[in-house]
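Subject: Structure handover

Dear colleague,

Please find the structure below. My notes on what was found in it follow directly after.

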Amino acid sequence: MSLLKVVDLYRNFGGLAALSGVNVDIDQGELIGLIGPNGAGKTTLFNVITGIYEPSSGSVELLVNDNMVDISHKKTDAINRLGIARTFQNIRLFKDMSVIDNVKVAMNSKIKYGLLHTFLRTDKYYQIEDDVDVKAKRLLSVVNLNDKACDLAKNLPYGDQRKLEIARALASSPSLLFLDEPAAGMNPQETAELTSLIKKIKNDLNLTIVLIEHDMSLVMNLCERIYVLDYGRCIANGFPDQIKKDKRVIKAYLGKEN
Amino acid sequence: MKKVLNIKNMIWALFIVVIYVVITFLIHIKIINAYYQITLLLICINIILAVSLNLIIGVAGQFSLGHAGFMCIGAYASALITKSIANLGGLILGVLVGMMISAIVALIVALPTLRLKGDYLAIATLGFAEIIRIIVLNLQITNRAAGIANIPKLINWNIIYLGVIIAVIMVTNFKRSASGRACISIKEDEIASEAMGINTTKYKTRAFVIGAILASLAGSFYANTFYVIKPETFGFAKSIDILVIVVFGGMGSITGSIIAAIALGIINTLLQGFSTIRMIVYAITIVAIMVFRPKGLLGSKELTIDKFRSIFKRGADHESA
């Protein structure tokens, strides 16, 4: 059953058509790769789907409780609460907050105590906060950041910051996770760790994952299906082996053969 | 109600009681005389103002310059009510009415302006505070430019201390809750915060309204402490005064704001004797703090019991070694 359905999506910035007529259909439980040369519109597609930009036209539908819901004009926070979480290409952690608080922020929409409990610090407050603490620590242990829970996010090494972004995205308990260049700037060993981490969270949490990546070995290894964007158009989609041989893809990356 | 009675909270409670007893004693044996009592009350009012503005600016990251406006609402509300009901009941009614009006006004101001960022928000809130001042300046009921005089002095050390404790506990508990984390995340990175499911408008408005309510409380206390209020008391300069305390103590640090309000209050009083150079020294002090501690006295950190404990422990280790 399809989880996300993007139909004929356009997004213009002035005269520039960043996305022109993109169609994407993602099934539940898939691990999708989204590739394309720089400026192809990959991040723009993420931004439109997650509501940071509004689409110029077209529709985005998400499966929520067995119903397809049109999310193309919803606000970013509402879309997150419906089940889409993401990481950012240029890391956007809450730098001056502790590692564990970064994770707790993302759990906020599930925390239900009112202002009265906040001000009076009732038993309910302590109970829920303790519960949140346990859950946040569990998520940090998934990405091996447990012993750095109290450090400030900005003091983490680069690779750990990327992992923390993933943990934070998971904390909002999404059904669909977008990873925007998760391996950017990582060395081969870190990339290998990341690959197994992505596999692990996908299986353990029963997630559907879409990732943008330039590291082709990671994409070909990990992804079950690949979409290729170029100049805002989806030029190919299929299994990794098909994509490797696709003429349009080769042309987009390497130019025309003479 | 068992969990709230944990050790840390008990230590803070003890600390609150000790401060109360010490100052009450000092007032009783007249070391804090009538003149210093005025300073004491003013410091307390400034603590409430600074802590509440810090909630808006330091915690939620919304640069508001309209704090004097809410203070003005509280001051006039309780001044008008206590002039006809000159007892504690009147004061409570005045405080509550002021808070209600402030909350409603804050909501009305928040919805359009909190979409703005940084400088634009500052200018919008500044404009709003001026609107309040001009309204008060032109209304018959607020006695126009002459202001209101002979307001009954209902505020004493006990009441104001209670007010400070309530304000500080409200803001601290807010900061250390899910709402507080949401607000801090908005200050840190609004786009990421939205992408994590935080309804940023809701939390910004929450912080703004709570800040406004507490500013109104401080305004009510001000009116019933100083007998006289005039529209110009609550002008632009007042908002800046409060901002100075917040910046001095450190954006986002509640304990910093408290320490800064006390320190600036004491410096001001000590300089009363040198009226000619008073403002110069005051300004130099602030400039010096900004040069040597650009993030304010405490930065965004808080003084906590854990921190005292670790300092104490380090000291003990040092002695034994």
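Two strands are said to pair if DSSP finds at least two bridges between them. Helices (H or I, at least four residues) and strands (E, at least two) are DSSP runs, numbered from the N terminus.

This is a predicted model, in which local features need pLDDT of at least 70, side-chain atom pairs count only at pLDDT 80 or more, and totals for chains, interfaces and linings use all residues. Residues are numbered from 1 along each chain as its sequence is written, chains are lettered from A and ligands numbered from 1 in the order in which they are written, and side-chain values use heavy atoms, with hydrogens and water left out.

Strand S9 of chain A

Strand S9 (residues 225–230) of chain A is mostly covered, with six of its six residues buried; buried means under 20% relative accessible area, exposed over 50%, and partly exposed in between (1.4 Å probe, protein chains only). In a regular strand the side chains alternate between the two faces of the sheet. Here Arg225(A), Tyr227(A) and Leu229(A) point one way from S9(A), while Ile226(A), Val228(A) and Asp230(A) point the other way.

S9(A) pairs with strand S3 (residues 31–35) of chain A in the parallel sense, over four bridges, and Tyr227(A) has Leu34(A) opposite. With strand S10 (residues 233–238) of chain A, S9(A) pairs in the antiparallel sense over five bridges. Asp230(A) has Arg233(A) in S10(A) as its bridge partner.

Positive phi

Most residues other than glycine have a negative phi, and most peptide bonds are trans. The hairpin of S9(A) and S10(A) has two residues between the strands, and there Tyr231(A) takes a positive phi near 45°. Tyr231(A) counts as exposed, at 64% relative accessibility. Asp8(A), in strand S1 (residues 2–13) of chain A, has a positive phi near 50°. Asp8(A) is partly exposed, with a relative accessible area of 38%.

Charge on chain B

Arg293(B), Lys295(B), Lys301(B) and Lys307(B) gather in a patch of positive charge on the surface. Arg293(B) lies in the loop between helix H12 (278–292) and helix H13 (305–320) of chain B. Its relative accessible area is 45%, so Arg293(B) is partly exposed.

Regards

Note on methods: Patches are made of residues with over 30% relative accessible area and no salt bridge: like charges are joined within 9 Å, nonpolar side chains (Val, Leu, Ile, Met, Phe, Trp, Tyr) within 5 Å. Accessible areas come from the Shrake-Rupley method with a 1.4 Å probe; for residues, only the protein chains shown count as cover. A salt bridge is a side-chain nitrogen of Lys or Arg within 4 Å of a carboxyl oxygen of Asp or Glu. Lys and Arg count as positive and Asp and Glu as negative; His and the chain ends are not counted. The place of a charge is taken as NZ of Lys, CZ of Arg, CG of Asp or CD of Glu.
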